[in-house]
Amino acid sequence: DGIPCIHAVLKVSTPVVLIPVEEEFDPESTYDITIKGYKYDEKLVKEISLLDAVAIYPLNKDLKMVVEDNCSEIEVENNIIPVWQTLYKNYFKGTQDRNLFVYFYNDVMNICYFEQHRFRYANSFSMQNTDNMLYYILYVWKQLGMNKDTDALSLCGEIPAGLHEKLSKFIEEVKECVL
């Protein structure tokens, strides 16, 4: 026998569904309707008070059981939540009223947008190549009604080579932000 585990922190990178705090919802059905492929996982709920939202994300039941059997306390964190919180704080530091954030990590591109102190858009896309990334970013930009001359695009994380330059052809202010 080894040293007993008292506290374990599990960090997961699973898709997150965001719900405004004032909404009533059932975590299982809300998640399963929105995101496919996690039907048999346990759905965890975490309030993100800074963002006025509730996050729902899955955890493999077998993994949870193994950790619970070996540790007296477990905490499960989704890797994207602290990123969103940092980007939200950066939203207030900018000089533009409108700033679209794109965070790159582990072959995933996470796009988020805040307006009037709330999440207005959040979505993740698998990254295949810079042309696909360019398409998705510009599509979201257009859907949100962003202005290429006055609004900003902030890139952070593992920014793919050449993407900044490609985006600069379409958007006046493309900048890199540090988390």
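**Ground rules.** Local features need pLDDT of at least 70 and side-chain atom pairs count only at pLDDT 80 or more, while totals for chains, interfaces and linings use all residues of this predicted model. Residues are numbered from 1 along each chain as its sequence is written, and side-chain values use heavy atoms, with hydrogens and water left out.

**Helix α4.** I started with α4, which runs over residues 130–143. Helices are DSSP runs of H or I with at least four residues, strands are runs of E with at least two, and both are numbered from the N terminus. From first C-alpha to last, the 14 residues of α4 reach 20 Å, close to the 20 Å expected at 1.5 Å a residue. That expected span is 1.5 Å times one less than the number of residues.

Next I looked up which residues of α4 are buried, and I got T130, M133, L134, I137, V140 and W141. Buried means under 20% relative accessible area, exposed means over 50%, and partly exposed is in between (1.4 Å probe, protein chains only). On the face turned away from the buried side I found the exposed residues Y135, K142 and Q143.

What covers the buried side? I noted that the cover includes β6, β7, β8, β9 and α5. At the start of α4, a side-chain oxygen of N129 comes to within 3.0 Å of the backbone nitrogen of D131. Just after α4, G145 has a positive phi of about 70 degrees.

**Helix α3 and the rings.** Helix α3 covers residues 80–93. I listed its buried residues: I80, I81, V83, W84, L87, Y88, N90 and Y91.

Rings of Phe, Tyr and Trp (its six-membered ring) pair if their centres lie within 6.5 Å; planes under 30 degrees apart count as stacked, over 60 as edge-to-face and the rest as tilted. Y31 and Y38 are edge-to-face, because their planes stand at 85 degrees, with the centres 6.1 Å apart. Y31 is buried at 0% relative accessible area, whereas Y38 is partly exposed at 22%.

W84 and F119 are also edge-to-face, at 5.2 Å centre to centre and 80 degrees between the planes. This pair links distant parts of the chain, since W84 is in α3 and F119 in strand β8, 35 residues apart. Both W84 and F119 are buried. I also found one aromatic cluster made of W84, Y88, F101, F114 and F119.

**Cysteines.** How many disulfides are there? I counted zero, taking a disulfide as a pair of cysteine sulfur atoms within 2.5 Å. The closest cysteine sulfur to that of C156 is in C177, 3.4 Å away, so the two are too far apart for a bond. C156 is buried, with a relative accessible area of 1%, and C177 counts as buried at 17%.

**K64.** Is K64 buried or exposed? At 15% relative accessibility, K64 counts as buried. K64 is found in helix α2. Its side chain makes a polar contact with the side chain of E42, at 2.9 Å. A polar contact is a pair of N or O atoms within 3.5 Å; within protein, one must be able to donate a hydrogen and the other to accept it, and residues adjacent in sequence count only if both atoms are side-chain atoms. Leaving aside neighbours within four places in sequence, I found K64 in contact (heavy atoms within 4.5 Å) with E42, L59 and I74.
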